[in-house]
Amino acid sequence: MTATSLQQIFGQESAVTWLRQAYLADRLPHGLIFAGPVGVGKATAARALAKLFLCENPKQDDACGKCESCRVFDAGNHPDYHVITKELIRYHDKTGKSKGIDLSINVLRPEVIEPAGRKAVMGRGKVFAIEQAELMNPQAQNALLKTLEEPAGRTLIVLLTDQPGSLLATIRSRCQTVRFGALDKDRVCKELARRGVDPALAEDAAELSRGSLGIALKWMEDGVVAPARELLGQIDNLFAGTAPDDLPGWFKNAAEAYAQKQLERDDLASKDQATREGLTLYLLLAGEHIRRRMIDEPDPANLESACAAIDALTQAETYLDSNVNTSLVFQQLTVKLEGEVGSKK
Ligand SMILES: [Zn+2]
């Protein structure tokens with residue numbers, strides 16, 4: 001996959017301008033925090049910056065695309081470009097007991113701290129991009145401090161996060177924070193259309209993802225958009241007094257389809273966990289839809305049932321987290337939704 005150039009990052013003019021200027025002035029600090037919502041271009045920008053930073057023959061603030069460094073970068077195996085994702089938690093877990101939640105020192109040491117202290121393999125420098133940096137536990141963050149201050153040679157460490165507040169103050173003070181904002185829904189829609197997405201699908205995806213191009217693209221790839229639209233339709237019907245037909249069955253099928261897509265991508269993924277993820281995603285979408293409905297709801301009785309419906313959805317989410325049998329969870333949810341919302345009509 002060829003990296004996008006910084007100039008092509010969609011909708012993040014101020015972040016990109018800052019990065020280009022810092023690069024051109026040779027004032028990029030060792031540590032950068034890319035802070036902003038999920039799916040608005042932080043990872044794409046980190047990749048573009050890394051390619052430029054490592055290029056042997058950059059033209060102004062553009063990687064040449066032809067040198068050995070650019071070539072191996074685009075081939076996806078640059079030895080000095082290290083991307084740290086939560087998938088590595090499983091890889092480094094010697095005990096097999098990790099639930100894959102914390103980016104601990106067991107991951108940071110071999111993936112960042114040690115290689116940052118060594119010379120670059122290809123000579124130009126090294127770049128580390130730590131995705132979901134908020135998953136680093138305090139011990140791991142503390143261990144990273146020294147590396148952020150004095151890595152060996154020309155080095156960039158980019159921490160990507162939608163929760164900059166969960167990074168230690170000592171980490172934040174050693175890094176420059178670059179903010180990435182949410183995107184305008186209409187711009188996401190236009191961009192999707194520009195990429196050849198069917199206009200109706202683009203509209204739905206932009207709406208559902210609330211201004212996140214990355215999420216819109218992922219949900220289209222995961223086949224989430226059409227089922228989500230269907231679910232929101234069912235909810236509207238429920239509020240209009242029509243009981244949905246077989247909501248538990250609907251959730252089961254939709255979540256299984258979602259899990260199937262995840263397994264196609266990563267055959268080590270757990271089917272059960274992916275199914276629960278799918279269920280949680282649709283619960284969240286349903287909850288958000290009801291919240292949006294409440295904004296222009298003048299009737300207090302409807303507001304009350306909307307609140308009860310949200311409670312029921314939150315309850316179901318909690319049960320899912322605590323591994324209660326999923327078909328029971330959704331039978332209960334349906335009973336509650338129909339009781340609270342349907343019966344008021
Ligand atoms: Zn190059």
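**Conventions.** I number residues from 1 along each chain as its sequence is written. Since the model is predicted, I kept to pLDDT of at least 70 for local features and to pLDDT 80 or more for side-chain atom pairs, while totals for chains, interfaces and linings use all residues.

**Domains.** I looked up the division of the chain and found domain 1 (6-179) and domain 2 (222-344), with bounds that come from an automatic or database domain assignment. The C-alpha centres of domain 1 and domain 2 lie 36 Å apart.

I then traced the open sheet, in which five strands run in the order 2-3-4-1-5 with parallel pairing; strands are DSSP runs of E with at least two residues, helices are runs of H or I with at least four, and both are numbered from the N terminus. Two strands count as paired if DSSP finds at least two bridges between them. Strand 2 (81-84) and strand 5 are the edge strands, each pairing on one side only. Strand 1 (residues 31-35) and strand 4 (residues 155-161) are joined by five bridges in the parallel sense, and Phe34 stands opposite Leu160 in strand 4.

**Core.** Which residues touch the most other members of the largest nonpolar core? I noted Phe34, Ala45, Val158 and Tyr282, out of 93 residues; such a core is a set of buried Ala, Val, Leu, Ile, Met, Phe, Trp, Tyr and Cys residues joined through C-beta atoms within 7 Å. Helix 2 (residues 42-54) gives the largest share, eight residues, and the core draws at least three residues from each of domain 1 and domain 2. Leaving aside neighbours within four places in sequence, Phe34 has contacts that include Ala45, Val158 and Leu160, a contact meaning C-beta atoms, placed from the backbone, within 7 Å.

**Helix 10.** I listed the buried residues of helix 10 (residues 213-221) as Leu213, Ile215, Ala216, Trp219 and Met220. They lie on the same side of helix 10, because they cover an arc of only 165° around the axis, taken from the directions from the helix axis to the C-beta atoms. Their cover includes helix 8, helix 9 (199-209) and helix 11 (225-239).

**Gly181.** I found Gly181 in the loop between strand 5 (176-179) and helix 8 (185-194). Beyond its neighbours within four places in sequence, Gly181 is in contact with Gly36 and Val40.

Conventions:
Two residues are in contact if their C-beta atoms, placed from the backbone, lie within 7 Å. A residue is buried if 20 or more other C-beta atoms lie within 10 Å of its own, exposed if 12 or fewer, and partly exposed in between; C-beta atoms are placed from the backbone.
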